[in-house]
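I opened the model to look up a few local details. My notes follow.

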Amino acid sequence: MIAVLGLVIGVVAGLVFEPTVPVSLQPYLPIAVVAALDALFGGLRALLDGIFDDRVFLVSFLSNVVVAALIVFLGDQLGVGSQLSTGVVVVLGIRIFSNAAAIRRHLFKA
Amino acid sequence: MTSRHGDSPTARVPDASMSLLNDVARMPLEPAYRTVADQRAREGRRRVTVRHQTMSALLAVMLGLATASAALALRAPQPAVLAARAIIEKQIAERTAAVDTLRLQNAETAQQIAALQATVLAAHDSPLVDQLAADSVLSGASALTGPGLRITLSDAPDVGGVVDPDRRVQDVDLQILVNGLWAAGAEAIAVNDHRLTTTTAVRSAGSAILVDLNPLVGPYVVDAIGDGADLQTRLARVSAGQHLATLRTTYSIGVDVSAKNSLELPAASLPELRDARVPAGVPPIGGSASAGSPTGSGSPPRTGGG
């Protein structure tokens with residue numbers, strides 16, 4: 001639970017202090033945020049499944065964000081940045097959808 | 001493949017070529033959650049050190065901070081968009097100023113033409129001058145001063161920051177008001193110093209009201225020349241008066257009606273000269289006016305259609 005608590009504190013701090021993101025990182029933000037969402041939904045589902053684990057949650061969160069940014073970076077270097085971004089968004093989108101469906105089944109039994 | 005070659009063949013999955021998509025669709029949860037849970041079930045709870053806890057908390061705070069600031073940065077308007085907007089705004093201001101300058105020049109030239117016309121005609125035929133003066137009042141070709149009615153329409157204040165088009169003055173409102181004023185016997189009408197003629201259109205483009213293609217900004221001041229008190233009573237009797245009351249009570253649009261002793265109405269933009277003839281019995285004017293267009297016209301220039 002300490003991970004969730006830390007995450008909430010971090011988000012609140014981010015909203016309050018509004019730190020500026022370096023311009024060089026700007027292109028990776030959209031994908032990174034989608035990846036973070038995917039990790040969040042995964043964590044929520046694991047919590048409802050009763051198998052939540054701080055370490056797995058944090059590692060998956062971090063690796064998701066880093067890998068997503070890396071893929072965009074690689075795509076930009078190879079000239080297929082937008083296509084690769086689309087692919088990543090599709091895959092993460094499907095995962096978010098399935099996790100959201102599982103969460104819904106947990107909560108509403110339907 | 002048959003079993004004669006040694007290793008037993010695995011049953012071929014029909015959709016093996018789509019394994020990636022299947023993986024994505026059927027295994028949305030990180031497998032690590034399950035693995036760790038199984039491990040915990042077998043070996044009991046993992047020993048958690050304070051250092052480990054602190055590291056986790058720090059990492060979590062950092063990730064939360066990064067995500068929140070990333071989301072905020074994405075929501076902020078892009079500087080490039082703002083710059084483009086500023087440039088366009090500047091261009092609009094410049095062009096509008098240029099148009100105003102040209103319009104002023106136009107008005108001055110029109111005044112000169114009218115003065116020249118008057119002097120030339122006065123020398124030859126005085127009934128024509130009178131007719132021209134009367135016609136130019138009707139057609140809006142000359143500026144007018146006189147008593148009349150001033151009606152000011154202003155947008156209702158927004159409620160809770162929500163822009164409600166119903167609470168804005170619309171082109172229909174101005175149309176009804178202007179038509180009502182004509183019906184009430186107004187001799188000349190101007191909206192925000194734009195003189196209305198027989199061919200003036202009051203309409204809207206987007207959320208802006210256009211009078212003769214000139215965008216107006218509220219509050220909308222409608223000046224009508226005529227007998228102020230008389231206009232006011234007659235306006236209340238036609239449907240426009242009812243409409244104004246509805247605007248005031250239902251939509252909280254500001255409606256201010258006041259009689260004025262002296263209103264100044266500008267001339268309308270000069271109509272195009274479409275048809276000009278020298279009436280029978282008028283001797284052709286030589287000398288000073290012969291070089292230009294036939295100014296000694298009996299019928300005032302009127303624009304048709306529209």
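I count a polar contact as a pair of N or O atoms within 3.5 Å; within protein, one must be able to donate a hydrogen and the other to accept it, and residues adjacent in sequence count only if both atoms are side-chain atoms. This is a predicted model, where local features need pLDDT of at least 70 and side-chain atom pairs count only at pLDDT 80 or more. Residues are numbered from 1 along each chain as its sequence is written.

**Entry 1: an aspartate in chain B.** I looked up B:Asp173, in helix α6 (residues 171-183) of chain B. Its side chain makes a polar contact with the side chain of B:His243, at 2.9 Å. B:Asp173 is buried (under 20% relative accessible area, 1.4 Å probe, protein chains only). It has no salt bridge (a side-chain nitrogen of Lys or Arg within 4 Å of a carboxyl oxygen of Asp or Glu). The nearest side chain of opposite charge, B:Arg168, is 11 Å away.

**Entry 2: helix α3 of chain A.** I checked the span of α3(A), residues 54-78. The expected span is 1.5 Å times one less than the number of residues. At the helix start, a side-chain oxygen of A:Asp53 comes within 3.0 Å of the backbone nitrogen of A:Arg55. After the helix comes A:Gly79, with a positive phi near 85°. Among the buried residues of α3(A) I noted A:Phe57, A:Phe61 and A:Val65.

**Entry 3: the sheet of chain B.** I traced five strands in an open antiparallel sheet, ordered β3-β2-β7-β1-β8. β3 (194-195) and β8 (254-265) are at the edges with a single partner strand each, so one side of each lacks a neighbour in the sheet.

Notes: Chains are lettered from A and ligands numbered from 1 in the order in which they are written. Side-chain values use heavy atoms; hydrogens and water are left out. Helices (H or I, at least four residues) and strands (E, at least two) are DSSP runs, numbered from the N terminus. Buried means under 20% relative accessible area, exposed over 50%, partly exposed in between (1.4 Å probe, protein chains only). Lys and Arg count as positive and Asp and Glu as negative; His and the chain ends are not counted. Two strands pair if DSSP finds at least two bridges between them.
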